[in-house]
Amino acid sequence: MCGRLSQYRGIHDFVAALGMPGALINNVGDQPLGRYNAAPTMQLALFHIADDTLHADTVRWGWRPHWATARAAPINARVEKVAHGPFFRQIWPHRAICPIDSWFEWVDEGGSKKQPYLIRHRDGSPILCASIGQLPDPDEGRREHDGFVIITADSVGGMVDIHDRRPVVLTPDLAHEWIDPATHKEHAEQLALNQGEPAEAFEWYRVSTAIGSVKNQGPELIRQTK
């Protein structure tokens with residue numbers, strides 16, 4: 001998975017897609033998020049459960065443990081290793097959902113520049129990405145070292161022609177299980193390993209090379225090009 005995604009709907013649209021009625025502590029706001037070209041280190045909307053309540057917070061995309069100062073903060077974690085490796089041990093128990101509209105990949109098609117593609121649900125619905133992180137404290141709010149990573153798996157089917165990795169995307173019911181603190185860690189691992197949505201749930205198309213600059217934002221970036 002490449003390091004660009006879009007998150008432009010309002011948080012209530014993402015809550016509706018998640019399908020968890022009830023109390024919501026919304027620290028994101030009610031306006032459309034407007035992130036058409038989100039990049040690492042940006043603050044993105046994230047769902048997690050604390051004190052039996054769904055929270056929507058903005059959290060930095062990217063995280064590393066305190067002892068790994070010699071490397072950049074990863075934005076993704078490989079599903080094959082995340083549950084058992086030392087790097088993400090601290091945050092593996094802290095599960096979240098990053099709701100997005102789409103993500104982007106660059107493909108070498110033989111030209112002078114790689115061609116960007118947008119990937120989204122075929123039905124246009126929000127995408128619920130399994131994530132883990134150092135999450136905001138309900139009492140303290142956002143803290144300096146908070147951050148999150150999106151869990152990725154091998155691509156299958158036609159999507160492998162776009163990129164060999166993709167987010168682990170969960171259906172709403174499985175997303176509920178994923179963020180439920182009562183879900184055992186071993187069961188959460190099996191959800192991530194085996195229950196991600198198939199490639200057939202997605203479509204992809206070419207978009208403008210303007211997506212290559214994080215300075216560019218706006219709905220024109222998600223329009224299909226020839």
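Guide: The radius of gyration is taken over C-alpha atoms, and the globule rule is 2.2 Å times the number of residues to the power 0.38. For 226 residues, that rule puts a compact globule near 17 Å, and the protein chain agrees, with 17 Å. The C-alpha trace spans about 50 × 40 × 35 Å along its principal axes.

Visitor: On what basis are such values given?

Guide: This is a predicted model, in which local features need pLDDT of at least 70 and side-chain atom pairs count only at pLDDT 80 or more, while totals for chains, interfaces and linings use all residues. Residues are numbered from 1 along each chain as its sequence is written, and side-chain values use heavy atoms, with hydrogens and water left out.

Visitor: How many helices and strands does the protein chain have?

Guide: Helices (H or I, at least four residues) and strands (E, at least two) are DSSP runs, numbered from the N terminus. The protein chain has 3 helices and 13 strands.

Visitor: What percentage of the 226 residues is buried?

Guide: Buried means under 20% relative accessible area, exposed over 50%, and partly exposed in between, with a 1.4 Å probe and protein chains only. Here 49% of the 226 residues are buried. One of the buried residues is Arg165, with a relative accessible area of 7%; Arg165 belongs to strand 12 (residues 165–167).

Visitor: How are buried residues arranged around a helix?

Guide: An α-helix has 3.6 residues a turn, so residues three or four places apart point the same way. The arc is that of the directions from the helix axis to the C-beta atoms. In helix 1 (residues 11–18), Ile11, Phe14, Val15 and Leu18 are buried. These residues fall within an arc of 105° seen down the axis, so they line one face of helix 1. Gly19, with a positive phi near 70°, follows helix 1.

Visitor: Which residues of helix 2 are buried?

Guide: In helix 2 (residues 172–179) they are Leu174, Ala175, Trp178 and Ile179. Their arc around the axis is only 130°, which places them on the same side of helix 2.

Visitor: Where is Asp51 found, and is Asp51 buried or exposed?

Guide: Asp51 lies in the loop between strand 4 (43–50) and strand 5 (53–60), and is exposed, with a relative accessible area of 65%. Its phi is positive, near 55°, in a residue other than glycine. Asp52 is found in the loop between strand 4 and strand 5; its phi is near 65°, and Asp52 is exposed at 78% relative accessible area.
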